[in-house]
Each structure stands twice: as C-alpha cells, then as structure tokens.
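New page in the notebook. I want to get my bearings in a structure I have not looked at before.

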Amino acid sequence: MRAPGTDIEMNGALFLLTVNFLIAQLFCAFFLVISRRSRIPSAGRWFAAAFAVASLSAICEVVIRYADFDRLASFGAFSAVLSAILMIRVGIGRLYGVPSNLWAMAGILGISLPLNLMIYDLPRGTFSHSLGYQLPFAIAELICAGAVYRSGRRETADRILIGLLLLTAANFASKIYFSVEFSGGATAQAYLASTYALVSQSLSAVLVVSTGLTLLAVIVVEIMDDARANSEIDPLSGLFNRRGFNGHVSRILSRPVPAYPHCIILCDLDHFKAVNDTYGHTAGDQVIVSLGRMLKEHAPPEAICARFGGEEFAIFLPSTGETTGYLFAQGLRNSFSALAFPGLPDTVRLTASFGVCALAAGEDSIADAINGADAALYDAKNSGRNRVNRMRRATATGPEEWQAQA
C-alpha cells in the first residue's frame with residue numbers, strides 16, 4: 001500500500017508537469033505571433049518549435065506514471081528536452097547572428113541519445129546515471145550562453161539571458177550531485193513520486209519560464225528598436241528625417257567634451273517643381289533617391305544626412321569648421337550637377353543650391369545654426385542658384401567672404 005505522502009508528492013509532480021506543458025504551449029504561441037513582426041522571424045519560429053518539442057517531455061513523464069513502457073517514455077523525455085535546448089541554440093544563432101555549429105550539435109545528440117539508453121538500467125540515484133543524464137543538458141545550455149556572449153551584445157536583456165542560461169546549466173550540473181545525495185528512487189516511477197522530483201521540476205519550471213520571458217523580451221526590444229529606427233528614416237531617400245536628424249545631432253552635442261566647431265549644410269534642389277511638372281512625380285522621386293544615394297557615398301562616416309522634406313536636405317558635419325564644410329558642399333554641388341537620373345532624358349542635368357553655417361561652442365544653438373544655413377541658402381537661391389553660400393557674418397566686409405558662385 002502506497003503511503004499518503006507518496007500520493008501527495010506524486011500528484012504534486014504531475015500537477016507541475018501539467019503546468020509546464022501548458023506554459024510551453026503558451027510560449028510556443030507567443031513566439032509564433034511575435035515572430036511575424038520581427039526582423040528575423042526565423043528566430044521566433046525556432047523558439048516556438050523548441051518549446052513545442054520541450055512540452056513533449058511532460059507527456060512522456062506522465063506516460064511513465066501510468067504505462068508499462070518506462071524505457072521508451074524516459075528516452076522520449078530526455079530526447080525532447082535536449083533537442084529543445086539545441087533548437088533554442090539555433091534560434092539564438094539567428095537572433096544574435098552567431099551561426100550554429102551543426103556538426104557539434106549533431107555530435108551531442110549522437111553521443112547523448114545512445115548513452116541515455118545505456119544508462120537506463122543503472123539505478124537512479126547513482127553517480128553514473130546522474131552524470132550521463134544531466135551532463136548533456138548542462139553542456140547544451142553552456143553552448144547557448146556562449147553564443148549570446150560571442151555576439152558581443154551587452155544590453156540589459158542580453159546580460160540577463162546569459163545569466164539565466166548559465167544558471168540553468170549550473171542547475172543541471174548540480175543535479176548530478178543532488179540526485180545522488182537526495183535519491184529520487186531507483187526507477188523512473190519512483191523518481192516521479194519523490195520529493196526531490198517535485199523540487200527539481202519546480203526549479204526547472206522557474207528557469208524555463210524566466211528564459212522564455214527573456215527571449216521574448218530580446219525579440220520585443222529588437223522590434224521596438226527597428227520601429228524607432230524606421231520612424232527616423234525617410235523612406236524615399238533612405239536618409240534620416242527631421243526627427244532622426246535632430247535626435248542624432250543632439251546626442252553628439254550632449255557628449256561630455258564635444259569637439260567644436262561643427263558645421264551645418266542645407267541643400268535645396270533648383271527648379272524641382274519643374275521636374276515634377278515636366279517629367280512626372282515618379283521621375284522626381286528618382287532625383288530624390290539619387291541625391292540621397294550621393295550624400296551617403298560622399299559624406300564622411302560620422303556625418304548625419306537627412307531629408308527635411310520635399311527637395312530640402314541637411315548635412316551635419318561633426319568637428320568640422322565652416323571652411324571645410326564649404327569646400328565639402330562645393331564638391332557635392334559639382335557631383336550633383338554631373339548626375340544623370342532614371343526617368344529623365346540623358347541630356348538633362350539638374351543643379352542644387354547650398355547654405356553653410358558653423359556651430360561654435362558657447363555661441364549659437366543647433367536651431368540657430370540651421371536658421372543661419374537656411375538664410376545662406378535663401379541668399380544662394382536669390383543670387384542665381386547652383387552655388388554655395390556661407391552665412392553672412394557681422395564682421396564680413398564683402399560678399400567674397402561668404403559667397404562662392406559656381
């Protein structure tokens with residue numbers, strides 16, 4: 001006759017298995033839903049598949065309780081958990097850009113699965129059985145943690161994920177000792193009915209849920225970052241919009257020791273309305289695309305290029321004086337005037353006007369510098385277009401000090 005305490009422990013373990021199964025199914029659904037919005041949907045699908053496979057281990061352990069084929073069910077539970085961890089490694093590889101070593105993963109399965117069958121007849125609670133059963137899990141978790149670490153990403157969610165994976169690996173490794181010290185029984189059924197199984201499965205459930213939530217958090221953060229980046233990008237030119245321009249410039253200006261002066265360049269296409277009226281808006285869009293591509297190719301890596309709207313563009317040159325900015329704008333003007341554009345006749349060439357203004361420490365704000373560049377651009381337009389003008393300074397003695405004509 002089974003003792004009442006044994007029934008309570010058995011029911012408790014079965015309850016946890018049921019909860020684990022349902023949680024795994026929920027995570028599977030969550031990852032499938034969220035992967036649709038992710039930039040790397042395959043990562044979420046791998047995580048969903050991993051939790052679906054992991055949930056099979058709960059079914060196998062219930063079968064151990066009520067069926068007579070313990071060996072097959074025990075092997076199924078072991079295979080499901082190990083396969084799920086390795087599938088998570090594949091998903092981490094997709095999410096973090098760290099390719100999986102398929103040969104190493106196949107080697108782990110090729111060694112661990114036959115070994116599990118070999119140790120089945122060994123009494124549970126012995127060191128040999130515990131080592132053969134728990135060590136593959138610990139190694140697989142360490143591989144997952146190593147992949148995240150090697151990615152070089154160190155955001156808060158990434159650090160938490162590394163910590164949880166290492167903690168889970170340590171949990172599996174500790175079971176090698178604790179399953180011997182606090183023997184869960186000599187058979188699979190006896191193990192399921194033990195207090196040790198109840199505690200072990202409870203701790204494992206907490207770690208699984210924590211890891212799943214952290215993986216979800218990493219994907220959500222990635223989706224939010226992409227959404228934020230897209231909200232700062234002009235879809236036609238591929239440059240920053242005004243919001244993105246202001247945000248990135250503000251970050252540069254907020255540095256502890258900003259290297260002044262900086263330079264602002266505003267650019268406006270000449271007679272752009274005539275292009276749209278004569279050749280159509282599709283051809284006009286191609287002009288915007290071509291200018292955006294040219295700015296990306298010619299601007300220094302640290303420069304911030306933006307389309308403010310319509311045919312107006314802005315370039316922020318960090319740690320650049322007005323003279324250097326002026327020469328750079330002249331180079332842009334010459335390059336643009338030589339461009340041919342899709343949708344326009346080969347003989348058609350367009351021009352652009354530029355305004356340049358420097359931003360010095362303790363003087364004008366970025367808004368003042370933009371207004372200064374805009375005033376210089378306005379002067380360039382009124383002076384005949386296709387030219388680069390510097391902002392008028394109070395100390396200027398003549399137009400030659402701030403204006404250059406093509």
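Below are my notes, going from the whole chain to the cores, the surface and the cysteines.

**Overview.** First reminder to myself: this is a predicted model. I looked up the secondary structure and found 13 helices and six strands in the protein chain. The chain has 406 residues, and 47% of them count as buried. I also checked how far apart in sequence the contacting residues lie. Of the contacts between residues at least 6 apart, 71% join residues at least 24 apart.

**Largest core.** Which residues touch the most other members of the largest nonpolar core? I got F31, F47, I92 and Y96, out of 44 residues in that core. Then I asked which helices supply it: α1 (4–35), α2 (41–66), α3 (70–96), α4 (102–119), α5, α6 and α8 (195–231) each put in at least two residues. Helix α3 gives the most, with 11 residues.

**A look at Y96.** I picked Y96 and skipped its neighbours within four places in sequence. What remains in contact with Y96 is V148, S151, R153, D158, L161 and V218.

**Second core.** There is a second, separate core, this one of 32 residues. Its members include L239, C305, L332 and L344. I checked C305 on its own: it counts as buried, because its relative accessibility is 9%.

**Surface.** The protein chain exposes about 19,600 Å², and 62% of that comes from carbon and sulfur atoms. F127, L131, L135, I139 and V180 make a nonpolar surface patch of about 390 Å². Helix α5 (residues 127–150) gives the most to the patch, with four residues. V180, though, sits in helix α6 (residues 156–181).

**Cysteines.** How many disulfides does the structure hold? The count is zero. I took C263 as a test case. The closest cysteine sulfur to the one in C263 belongs to C357, and it is 7.6 Å away, too far for a bond.

Conventions:
Residues numbered from 1 in each chain as written. Predicted model: local features only at pLDDT ≥ 70, side-chain atom pairs only at ≥ 80, totals over all residues. Heavy atoms only, no water. Patch = residues over 30% accessible without salt bridge, like charges linked within 9 Å, V, L, I, M, F, W, Y side chains within 5 Å. Areas by Shrake-Rupley, 256 points an atom, 1.4 Å probe, with all protein chains shown as cover. Salt bridge = Lys/Arg side-chain N within 4 Å of Asp/Glu carboxyl O. Core = buried A, V, L, I, M, F, W, Y, C linked by side-chain atoms within 4.5 Å. Buried < 20%, exposed > 50% of the residue type's maximum accessible area, 1.4 Å probe, protein only. Contact = heavy atoms within 4.5 Å. Disulfide = S-S within 2.5 Å.
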